[in-house]
Structure formats: structure tokens, C-alpha cells
Amino acid sequence: MPPIGDDKMFEVHVVAVLLVLVLLAGIISMLVSKKFNISYIPLFIAFGIIVGPVLGLINRTLAHELFYYMRVFGLVIILFTEGHNLSWKLLKRNFKTIAVLDTIGLLITSIIAALVFSYIFNVPFLVGFLFGAIIGATDPATLIPLFRQYRIEQDIETTIVTESIFNDPLGIVLTSVAIAILVPQAPSAQFVEHIARYISLYPAAVLFFLYELTVSIIAGIIIGMIGYVVIKKTNITGFPEIEIFALTLAIGGFLIGEYLQASGYLVATVTGIVLGNHKIFFKKDDPHIVKRIMKAISKEVHFNESLATIATIFIFTLLGASINPHIITSNLTKGIIIALSVILLARPVAVLPILKWWNLRQYLFISLEGPRGIVPAALASLPLALGLNYHNQALINWGELILSTTVITVLVSVIIETLWLPFLRDKLLMGETLSDRVSKSELLKERMLKRLGHGGGKSS
């Protein structure tokens with residue numbers, strides 16, 4: 001059988017066979033995961049590599065094209081769904097930690113990664129900083145399904161997941177700053193360059209980040225409130241209307257965020273947070289209305305959790321299938337050294353400031369669970385593409401190093417940090433079973449409904 005995707009125009013049956021192979025890889029990975037009690041995410045990548053580069057059943061170009069779209073829309077669904085599960089109470093309680101990790105922590109990670117990269121490859125620091133900025137963001141697409149599979153303390157889960165959601169915009173800003181310095185004419189640097197006309201580059205980067213963060217949060221809150229009001233005023237409460245409406249909010253929010261030059265991913269997440277915590281944000285509503293909306297949102301969350309699982313399968317299997325083996329082997333040893341430096345040096349040093357709020361065991365767990373994933377993988381080829389576009393031979397050479405090292409770092413961090421999570425949880429934390437989590441959730445829900453019922457009785 002010839003490799004799938006040899007034709008320039010991919011026919012329906014070609015894409016259909018790819019879909020079947022990816023879904024089969026997902027089923028097999030999950031069965032193996034359950035059998036041996038290991039994370040299924042590295043298994044998705046491994047099966048992707050087997051059906052792609054190893055056996056040649058999937059053409060790398062086709063896998064790469066599908067990955068380009070799946071990493072966007074799949075991540076939107078994953079983040080929107082997880083937003084529902086993020087407790088507003090826990091977010092407020094852990095705000096200081098999240099803010100430190102998403103600012104100082106991310107900058108320290110990028111600088112240390114830059115120093116190691118520059119030293120090992122003997123390149124200028126700014127080139128290393130470009131790598132550090134690209135690799136700086138942790139990955140919600142890895143962490144969210146991982147913590148569904150292995151339950152941990154909710155405060156720590158909320159902190160690590162929220163950090164990964166909010167640091168994507170800053171990682172992109174840091175990348176834009178590094179590109180603005182190295183290649184000022186690049187399109188991705190134009191927004192920062194435009195601001196820098198009136199002030200210097202680094203203050204412009206800070207303003208760009210604050211703009212992205214503020215606009216994304218405001219847009220997400222507005223869309224979430226509109227979604228709640230629409231559900232409240234209409235009969236969009238049952239299948240399939242509520243599921244379709246929720247998808248419209250998620251993807252529509254992403255589009256609005258991107259149109260506003262903000263973070264579409266963050267908009268989708270905040271929209272999910274507003275809907276998931278509607279009992280807090282709209283507590284003055286009639287208890288019967290709140291209960292009806294709660295049931296509707298529970299339905300769409302259940303539906304979107306299934307979509308999020310399918311998206312996770314496709315994202316990581318296609319990532320494995322789209323890998324160019326030459327990129328991996330060309331700088332394998334140096335790439336692994338840099339990857340381990342990011343995991344064992346940069347991340348733990350960057351997380352040190354949180355020791356004032358967490359004990360040593362909790363600090364160690366948080367510092368050792370920061371896998372790199374979708375955002376670095378998406379940005380990895382940008383320096384090389386810019387070098388080719390502007391015929392800059394030095395940037396082409398540096399871009400090849402950044403591309404190979406980023407891919408290796410993503411693979412190494414995802415594989416290591418997903419596989420050692422059960423061990424770290426058992427040694428450092430009090431594990432929390434799914435039944436424990438459900439019991440707590442039901443107890444809180446019961447208390448909330450009693451409070452609402454009591455409030456409703458008083459008002460009448």
C-alpha cells in the first residue's frame with residue numbers, strides 16, 4: 001500500500017483512512033494506559049510516530065496540515081471545557097502563585113533556557129532568548145487530560161492548569177519581542193514594533209502583554225455573560241441545542257479574541273469560567289432558574305469533555321505523525337541536554353518564589369510538572385520560516401537549531417513529565433480519587449442549592 005497523502009490534493013478516502021488510524025491509535029493507547037497505569041499522552045505521540053515516520057502509513061505533509069487546524073480548534077475546546085471546571089474560589093485563593101508563575105517564573109524559565117541554548121550551540125544570547133521565549137509556555141493540552149486521569153489536590157491542579165492557560169499569551173509576547181529585535185520587518189513583530197515607535201521596545205512588550213491579558217479577560221466575561229443570559233431567556237437547555245450553542249460561544253470567543261489582537265484561547269477559557277461559575281456570578285437569580293441553567297451547562301460540559309478527549313487524541317497523534325526524523329536526529333544529544341535543563345534546572349529555579357506560599361513537597365511537585373507542548377510546537381518553525389522568507393542565512397541556520405531543539409524539548413518534557421506524575425503524586429502529595437472529587441462536588445452543590453432555596457424563601 002502506498003503512503004497515504006502522496007497526492008497533492010488529498011482525496012476523501014485518504015483523509016478517512018488517516019482518521020481511522022488516528023482513532024485506532026487513540027483506542028490502543030488508552031487500553032495500554034489502563035493496563036499498565038501510565039499516561040496515554042506519550043502513547044499517542046509514540047503511535048503517531050509509528051504510523052507516520054516509521055511505517056509511512058500517513059504522509060507527513062497531510063499530518064502536519066491537519067495538526068495545524070487541530071491544535072487550534074482542539075485546544076479551544078479543551079480550554080473552554082476546562083474553564084467550566086476551574087473553581088472561582090480556588091482561582092482567587094491561588095491568584096498570587098499563578099501571577100508569579102505567569103510573569104517572573106516564565107521570564108526566568110526563558111532566560112535560563114536561553115543561556116543553556118546559547119552556550120551549547122555557541123550562538124548569540126538573543127538567538128537563545130528566541131528559543132527560550134518559544135519554549136517558555138507550559139501546555140494545557142497535556143496537563144488538563146493528565147489531571148483528569150490522575151487526580152491530585154485541587155489547589156495544586158488549579159494552579160498548574162491556570163498557569164498553563166494564562167502563560168500562552170506572554171510566551172507569544174516574548175517571542176514577538178525576540179523576533180522584533182532580530183527581524184524587525186517580520187509580520188508577527190509589527191504590533192509590538194508599532195507600539196515601540198512611541199516608547200522603547202521592552203515597555204512596548206509589557207504594554208502588549210497587558211493589552212492581551214486585559215482585552216481577553218474582558219471579552220471572555222462579556223461573552224460568558226451573554227451566553228448565560230441567552231440560556232436564561234430562551235429554551236436552549238436540552239440536546240442538541242445547548243451543545244451547539246456552547247460550541248458557538250467557544251469558537252466565536254476565540255475568533256473575537258484573535259480579531260482584537262488578543263488571545264482567543266484565553267477568551268474561550270474565561271467564557272468557560274463564567275459559565276462554570278454562574279452560581280457565583282449570578283447568585284441573585286431565582287433558584288429555579290439557576291437550577292435549570294445548571295442542568296443545561298452540565299449537559300454541554302459532558303458533551304465537550306468527550307470532544308476534548310477526541311481532540312487530545314488527534315493533537316498528539318498528529319504531532320507524532322508529522323515529525324521529521326531528520327530534525328530529531330540532527331541535534332539529538334544536545335537537544336536532550338537542553339530539554340533536561342529546562343525540566344530540571346530552568347523550571348525549578350523559576351518556581352522558587354512560590355515557596356513562601358507552599359511547602360517543600362508541593363513546590364517540588366509544581367516545579368516538576370510543567371511540560372511544553374502545543375504553543376512551542378506551533379511556534380517552533382517560525383524562526384526558520386522568517387529566515388527563508390527574508391533570505392537571512394544566519395537566521396536560517398539558527399532557525400534549524402531552534403526547530404530541532406524545540407521539537408526534542410516538547411517530546412522529552414511531555415514523555416517524562418506525564419510518566420513520572422503518578423510517582424511524584426504518591427511521594428509528594430495526597431492523591432485525590434475521582435470519587436473523592438465527586439463527593440466534594442455533590443456536597444458543595446447540595447449546600448449551594450440549600451442556600452439558594454433559603455434565599456428564595458426569604459425573598460418570598
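## Basis

The model is predicted: local features need pLDDT of at least 70, side-chain atom pairs count only at pLDDT 80 or more, and totals for chains, interfaces and linings use all residues. Residues are numbered from 1 along each chain as its sequence is written, and side-chain values use heavy atoms, with hydrogens and water left out.

## Salt bridges between helices

A salt bridge here is a side-chain nitrogen of Lys or Arg within 4 Å of a carboxyl oxygen of Asp or Glu. The count by this rule is four. Helices are DSSP runs (H or I, at least four residues), numbered from the N terminus, while strands are runs of E of at least two.

Arg-148 pairs with Glu-82 at 3.6 Å, N to O. Arg-148 sits in helix H7 (residues 140–149) and Glu-82 in helix H3 (residues 60–85), 66 residues apart. Burial is set by relative accessible area: buried is under 20%, exposed over 50%, partly exposed in between (1.4 Å probe, protein chains only). Glu-82 is buried because its relative accessibility is 4%. Arg-148 has 24%, so it counts as partly exposed.

Asp-155 and Arg-93 form another of the bridges, at 2.8 Å from N to O. Asp-155 belongs to helix H8 (residues 154–182) and Arg-93 to helix H4 (residues 88–93), so the pair ties together parts 62 residues apart in sequence. Arg-93 is partly exposed, at 48% relative accessibility.

## The Asp-426 and Arg-425 pair

Asp-426 also forms a salt bridge with Arg-425. Their closest N and O atoms are 3.6 Å apart. Asp-426 is exposed at 56% relative accessibility. Arg-425 is buried, with a relative accessible area of 17%.

## Asn-94 in the loop

Asn-94 lies in the loop between H4 and helix H5 (95–121). Asn-94 is buried, at 6% relative accessible area. Leaving out residues up to four places away in sequence, Asn-94 touches Asp-155, Thr-159 and Trp-358. Contact means heavy atoms within 4.5 Å. Asp-155 is also the salt-bridge partner of Arg-93.

## Nonpolar patch

Leu-345, Val-349, Leu-352, Leu-355, Leu-360 and Leu-364 form a nonpolar surface patch. Together they have about 460 Å² of accessible area, from the Shrake-Rupley method with a 1.4 Å probe, where for residues only the protein chains shown count as cover. Patch residues have over 30% relative accessible area and no salt bridge; nonpolar side chains (Val, Leu, Ile, Met, Phe, Trp, Tyr) are joined within 5 Å, like charges within 9 Å.

Helix H16 (332–351) and helix H17 (360–367) are the elements giving two or more residues to the patch. Leu-345 is in helix H16. Leu-345 is partly exposed, at 40% relative accessibility.
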